[in-house]
Amino acid sequence: MKGVKNGGARKWVSTAWGRLKWPMLLTLVLLCLGAIVVVGMVPGLLSAPKSSPSAPPWQQEPDRLSEANGVLPLDADAPVPVPAELSRLVNDALKPSGAGSITGIVMDASTGTVLFDRDANANRIPASNMKLLTAVAALKALRPESRFTTRVLSGSDASTVVLTGGGDVLLGGGATDPAAVMGRAGLATLAADTAASLAAAGVKGPVTVQVDDSLFSGAPLNPAWSLDDVAAGETAPLFSLALNSGRYSPAVTTGPRPQDSAVTTAQAFAEQLVAAGVQVSPGVERGKGVPAKVLAAAESATVSEQVDLMLETSDNFLAEALGRMTAIASGQEATYDGATSAVRQRLGELGIATGSMQLADVSGLALENQVTARQFAEVVRAITSGRDLSLRTALDGFPVAGLTGTLDDRYVDPSTAQGAGLVRAKTGTLNTVIALSGYVVDADGRLLVFSFIGNGLEPGAAGNKEAMDRSASVLASCGCRQPG
């Protein structure tokens with residue numbers, strides 16, 4: 001019986017294995033096929049990963065913020081480009097499209113050694129590159145962390161309030177926004193604080209609104225500007241307070257502007273007073289408040305934040321306002337002439353020769369401006385590598401090639417793409433003028449500064465911007481060693 005039972009067990013096992021064998025084999029085959037598919041979809045899964053070429057460390061995205069507030073040569077021993085080789089490459093790229101000529105210079109930021117020079121001492125119309133001069137003068141005269149204060153003062157009688165300009169032309173129409181540059185000080189908040197002060201003083205209204213814009217003197221409109229540029233909204237008459245950098249809306253950056261930004265701002269302030277529950281008499285007039293009777297106050301963004309905004313967006317109105325404030329801080333009159341004198345004064349303090357300069361404004365709209373490429377390169381070098389560390393705060397304002405500001409739509413074609421994200425430069429554009437001045441770290445880790453200025457160019461010729469962008473890209477992509 002035992003043998004029979006054992007034989008029956010073996011027969012049962014054999015039968016069961018026969019039933020399970022093929023499903024198990026099929027499952028095993030399917031698992032193997034699945035593994036093969038996965039390996040095919042994920043190359044290198046079963047093999048050692050292959051190293052891929054990478055950009056030099058200084059051209060990679062940082063994994064943390066630098067503790068240093070500035071840009072210095074990344075390696076003091078990084079080789080300086082060979083001037084002859086760099087000049088050969090830049091000369092090949094820096095060619096005007098049609099009429100006109102382009103001057104230029106490239107310097108080693110650390111030593112000041114000139115690596116490329118094409119008529120760099122020739123005076124040229126610089127267009128908005130002028131704002132680089134205004135930036136360093138404002139930072140030196142006003143200091144980076146300074147702010148401008150807009151005050152509401154009581155007038156000669158308690159029922160008069162006087163909105164008093166302090167140089168902030170970036171006022172916002174709504175509530176104060178601590179995170180903003182334009183709109184850091186808001187009229188709605190200023191009006192609410194004024195309403196609270198009036199209520200505490202028992203003033204029931206109606207209240208007369210006045211505006212005091214006397215901080216700036218002289219003509220509001222620069223006679224050196226083309227009236228066509230003013231009509232097109234490139235700038236506007238300048239006053240010591242304005243909404244949205246002299247525009248009706250921060251979202252609309254083209255077209256007509258208010259021709260009296262002080263009165264326009266005061267009218268908006270009156271409307272906010274009404275919204276805050278204050279009874280206001282119709283109309284706005286100019287007047288003077290009592291300095292000791294401050295009803296409310298609001299502070300602007302810092303000077304360094306305003307400088308960065310001016311450079312990144314090439315804001316003409318803001319540039320002229322910063323020029324006037326620089327004049328006041330430099331003991332000059334708060335006029336257009338005072339602003340240009342103050343800029344020249346502060347550049348001289350940095351050791352930059354200004355004798356050959358001709359300055360008609362500080363924004364770059366005037367065709368009478370005459371500055372050399374060498375002077376711009378020296379200004380950029382003062383920002384990147386000079387002894388006055390306060391100037392380092394302007395570094396963030398330089399537009400980044402292909403990414404930000406006035407360079408956001410450039411460096412996109414194959415001949416310039418190698419400079420995208422690496423070149424940082426201030427642009428300048430007028431009808432027959434194109435300029436580009438900035439800095440870049442080359443492929444060997446050397447910090448270079450440059451300035452290219454084209455005058456007498458064919459209007460609208462796209463090749464001129466490409467020539468400058470291509471030349472700056474050459475600096476980013478080469479070590480410029482001696483061939484062979």
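Phe398 and Tyr439 are both buried, where buried means under 20% relative accessible area, exposed over 50% and partly exposed in between (1.4 Å probe, protein chains only). The model is predicted: local features need pLDDT of at least 70, side-chain atom pairs count only at pLDDT 80 or more, and totals for chains, interfaces and linings use all residues. Residues are numbered from 1 along each chain as its sequence is written, and side-chain values use heavy atoms, with hydrogens and water left out.

Now the rings. Rings of Phe, Tyr and Trp (its six-membered ring) pair if their centres lie within 6.5 Å; planes under 30 degrees apart are stacked, over 60 edge-to-face, the rest tilted. The count is three aromatic pairs. Phe398 and Tyr439 are edge-to-face because their ring centres are 5.2 Å apart and their planes stand at 75°. Phe398 lies in the loop between α10 (373–385) and β8 (424–429), and Tyr439 in strand β9 (residues 434–441), so the pair ties together parts 41 residues apart in sequence. Helices (H or I, at least four residues) and strands (E, at least two) are DSSP runs, numbered from the N terminus.

Turn to strand β3 (residues 149–154). Five of its six residues are buried. Strands pair if DSSP finds at least two bridges between them. β3 runs antiparallel to strand β7 (residues 294–299), joined by five bridges. It also pairs with strand β4 (residues 160–164), again antiparallel, over four bridges. A hairpin of five residues links β3 to β4. Leu153 faces both ways along this arrangement: opposite it stand Val294 in β7 and Val162, its bridge partner in β4.
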